[in-house]
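Welcome! Let's take a friendly walk through a protein model, step by step.

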Amino acid sequence: MNILSVGRDFIATTFRLSTPIIFAALGGVISERSGVVNIGLEGMMLLGAFGATVGTYYTHNPFIGLLTGALAGGLAAALHALLSIHFKADQIVSGVAINMLALGATNYLLLLLFQTAGNSPAVLTIPWKIFAASALILPFVLHYFLYRTPVGLRIRAVGEHPKAADTAGINVFFVRYCCVIISGILAGIGGAYLSISLLNRFTRDMSAGTGFIALAAVIFGKWTPIGALGAGLFFGLAYALQFILPGILPHGMKIPPEFFNSLPYLLTMIVLVGAIGKAIPPASDGIPYDPKESR
Amino acid sequence: MGSDKQQSILVELKNITKRFGALTANDRVNLSIEKGEIHALVGENGAGKTTLMNVLYGLYQPDFGKIYLNGTEVRITNPKTAISLGIGMVHQHFMLIPPLTVAENIVLGEEPGNFLAFNRSKAISEVQKISEKHGLNVDPTALVSTLSVGSEQRVEILKLLYRSASILIFDEPTAVLTPQETKDLFRIFNSLKKEGKTIVFISHKLKEVMEISDRITVMRQGKAVGVLQKEKTNEAEIARLMVGRDVLFVPDQEVVPKGDIVLEVQNLQAVNDRGLPALQEVSFSVKSGEILGIAGVAGNGQTELAEVLTGLRSAQNGRIFLKGQDVTHDSPGEKIKLGIAHVLGIAHVPEDRHKRGLILDFPVSYNLILGSQGKDPFSRNLLLDSQAIQKFAKEKIAEFDIRPGDENLPARYLSGGNQQKVVIAREFSRDPSFLVISQPTRGVDVGGIEFIHHQILSMKKRGKAILLISLELDEILNLSDRIAVLYNGKIVKILNRTAATEEELGLLMAGILEYSSPKKS
């Protein structure tokens, strides 16, 4: 292996592994900007991955699979929205419930549809570069949307001070519902990428913590789309290191592979602990809006 | 005459009833507002004023009752409808979003531009235009988080004007303003009135009501109990209607023999949360049986002064002596001094009762023993003695007239005035030698103010040394023996109350009169 091909490999791996994180993190940004914490990103990704596999399997069209994957994420998000906005449930509890539901449901459906507890049959795929390119462009689109359009202004207003937005004639519930569902769709696309692009099948628990890394990327990126892009790339790079590093270690140097596997998580902790300065979330992030409560 | 009057009525609320659970906040309330008038809605805390206005603004739906606008019935199901009918409201707690700019806050909900592009420059120029037209000076590009309270209020008014509201509702607009800012606001009220706007304002400051309004509707316990013409009434009559009995305005100032110096502060210096100087060269002393009032515009060091004296903030320099004993803790951050103030016999009524004074979700009884929970009789063998706590709470509830008299009710559900009574009951029961009392009557109604003032004066009679920090000049003038004016972190002057005039204090508070080195008295 020469240095050049290693470098090229490394960059490609970074982009490949960043893509799902970026999609889910963008979902997290839009949801939290409107004031709803979406800890269910992980579950929505998993459902997205499964939905995409099923859609592709039955239609033999991975683009329809992408739609069904997005839909699956969006539906899970709609449930989260219903629980946390309408019923004012604790958003963390609701999100955790969705994560567990997603794991159980996909395992069950895997057995039901494909008679397996591990891997689904192989399905057609979409070239990963299409996803990766979208993941690089979408943050800028979302940035424009949040900071340069009236709707973006309203979303930010709702996440900061819902009562102020309400008194200005904005429908807080509607804005939050939309943002959470969009969030689930984006996470679902991130999940679809895992099953119909990065791999060509669904495997049990295939999101494997990517959704949680995406949550970290939301914070690391300071709740901005472009920040989420940067954070997603950073975490992708950390993942890529675990594949590249063992191959380029000098002979005789023994580092247990577990160390490399834990690298992304270690970096996440280090980054979140303090390398980034104080990150200020939207003021009403995580707080259900009750118009009757005075603030 | 009768038909003339009929025509000039712009808004009419008929039989509005609004219940929250068992509480009837509005009980068959009638209110009629004439076009172009300034109508004051007065009443004690919890009388239902804000609820009624929230109904008119569409934030609450009445259980029954009807709203008429220009004689036709309207259904206002949300603020958006209210706005489209020309009704605008400035809430008591401003509805502004700090990280957004002034212009963004104002146009929010009715942004210029199209779906795909928010026209920022148009928003800015529109806001500029309206603010110039009405003489409401604000920078449209400034972030709201950088504004003073007075400017924030101007932004709120601009929000209404941008939406071309013709009926402007203000919920306690002067509660947070300095005397000068209040004057400004009333100037704005008058000019809006000249333009033909109709203003409804909620207040319990009767002086202001008499100054600015044309007609006054008084509410008590959810009911409208009277409509008065300003020319034909006076403060005493309004107060009587509000409270249901006669109210003394100026508490009796008994001369109490002053004793020894209890608290002495020398050259105190401290920084605020951002590390900027908040107190400089502050020196004063308070004797037993004396109330020293600290007058000043908000943000001139009052908060930091109270915190340094009670040990919540460390002094950078200077000395604090309590009964001759040096209690300055000059190693900052070394001790969490929260508990120390009590040990030293300092009681603290904090300026923000929600943040520092109470644990809102704890019952009244627990709030009444906070800080003493580890002491006899409340704690025995490491366990709380709930019987002793309940007994103590019942006594205090009776003594301080805390309503409703349920010691198990979480403090959150008490009105502002009663929450404040809980804090005062607790702090005054510690039998301190020195009290720091900040904003004792912020957001408290007339009856409550009277009660709290009596309590403060009775502490003075018992020979306590009291530092009274208040943004209400009337309160300072009514209660203090001496008045120190705090401006920009410095005490610009200490005057005897008998020698002080409101005008001089106002100028000192605004920093217009020169800084003269304070003499120790």
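Which residue in β17(B) is the bridge partner of Phe321(B)? The answer comes in the section on the sheet.

## Before we start

This is a predicted model, in which local features need pLDDT of at least 70, side-chain atom pairs count only at pLDDT 80 or more, and totals for chains, interfaces and linings use all residues. Residues are numbered from 1 along each chain as its sequence is written, while chains are lettered from A and ligands numbered from 1 in the order in which they are written.

The partner of Phe321(B) in β17(B) is Asp326(B). Strand β16 of chain B, residues 317–322, pairs with β17(B) in the antiparallel sense over 2 bridges. Here, strands are DSSP runs of E with at least two residues, helices are runs of H or I with at least four, and both are numbered from the N terminus. Two strands pair if DSSP finds at least two bridges between them.

Both strands belong to an open sheet of 4 strands in chain B, ordered β14-β13-β16-β17 with antiparallel pairing. β14 (277–287) and β17 (325–326) of chain B each have a single partner strand, so one side of each is left without a neighbour in the sheet.

## Chain B as a whole

Chain B contains 18 helices and 24 strands. Its radius of gyration (taken over C-alpha atoms) is 25 Å, close to the 24 Å from the globule rule for 521 residues, so chain B is as compact as a globular protein of that length. That rule is 2.2 Å times the number of residues to the power 0.38. The C-alpha trace of chain B spans about 70 × 50 × 50 Å along its principal axes.

## Domains of chain B

An automatic or database domain assignment sets the bounds: domain 1 (2–243), domain 2 (259–345 + 432–521) and domain 3 (355–431). Between domain 1 and domain 2 of chain B, 11 residues of the former are in contact with 11 of the latter, where contact means C-beta atoms, placed from the backbone, within 7 Å. α9(B) gives the most to the domain 1 side, with 3 residues.

## The nonpolar core

The largest nonpolar core has 226 residues, and Ala25(A), Ala217(A), Leu467(B) and Val485(B) have the most contacts inside it. Such a core joins buried Ala, Val, Leu, Ile, Met, Phe, Trp, Tyr and Cys residues through C-beta atoms within 7 Å. Buried means that 20 or more other C-beta atoms lie within 10 Å of a residue's own; exposed means 12 or fewer, and partly exposed is in between. Helix α8 of chain A (residues 172–198) supplies the largest share of this core, 14 residues.

Definitions and conventions
Contact = placed C-beta atoms within 7 Å.
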